[in-house]
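Me: I am new to this structure. Please show it to me, and then let me ask about the labels used for it.

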Amino acid sequence: MKSIIDHIAIKVDDLEAAEEWYCNNLSAEVTFKDEKYIRLKVENTNIALIDKKHYPWEHIAILVENKDELPHNLGETIEHRDGTVGVYVKDPFGNYLEYIWYPSEEKEEF
């Protein structure tokens, strides 16, 4: 399995303030936004601003091309509301990785 970083998720207290800060300081572009989550595109990756009241873990997301490659045996599997599937794996140092798979229609959006 290749290790391609899809996004880095950062928990924030205030989504609007975080959006303004990251857009101004990193020249980021908003590619998706709802009441709990804002996805930003920067030059070489994506940043997910996640509302700390709704998401348990900051994480680095690794893209998985085929759904059957998700490492379900290593962590907690979550089917997201947008159709993506993530497996959250805690490393030996307390950090989380999300192995994420996108259905083909979601790949085009994100």
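What follows is a short exchange on how those labels are reached.

Reply: One point before you ask. This is a predicted model. The chain has two helices and eight strands. In sequence order they run β-α-β-β-β-β-β-β-β-α.

Me: What makes the chain as compact as a globular protein of its length?

Reply: Its radius of gyration is 14 Å. The globule rule gives 13 Å for 110 residues.

Me: Why is the pair of Trp-21 and Tyr-22 called edge-to-face?

Reply: A search of the whole structure finds four aromatic pairs. In the pair of Trp-21 and Tyr-22, the ring centres are 4.9 Å apart, and a pair needs centres within 6.5 Å. The planes stand at 75°. Edge-to-face means over 60 degrees, so the pair qualifies.

Me: How do you know whether Tyr-22 is buried or exposed?

Reply: Tyr-22 has 18% relative accessibility. Buried means under 20%, so Tyr-22 counts as buried.

Me: And why is Trp-21 called partly exposed?

Reply: Trp-21 has 47% relative accessibility. Exposed would need over 50%, and buried would need under 20%. Trp-21 lies in between, so it is partly exposed.

Conventions
Residues numbered from 1 in each chain as written. Predicted model: local features only at pLDDT ≥ 70, side-chain atom pairs only at ≥ 80, totals over all residues. Heavy atoms only, no water. Phe/Tyr/Trp six-rings, centres within 6.5 Å; stacked < 30°, edge-to-face > 60°. Buried < 20%, exposed > 50% of the residue type's maximum accessible area, 1.4 Å probe, protein only. Helix = DSSP H or I, 4+ residues; strand = E, 2+ residues; numbered from the N terminus. Rg over C-alpha atoms; globule rule 2.2 N^0.38 Å.
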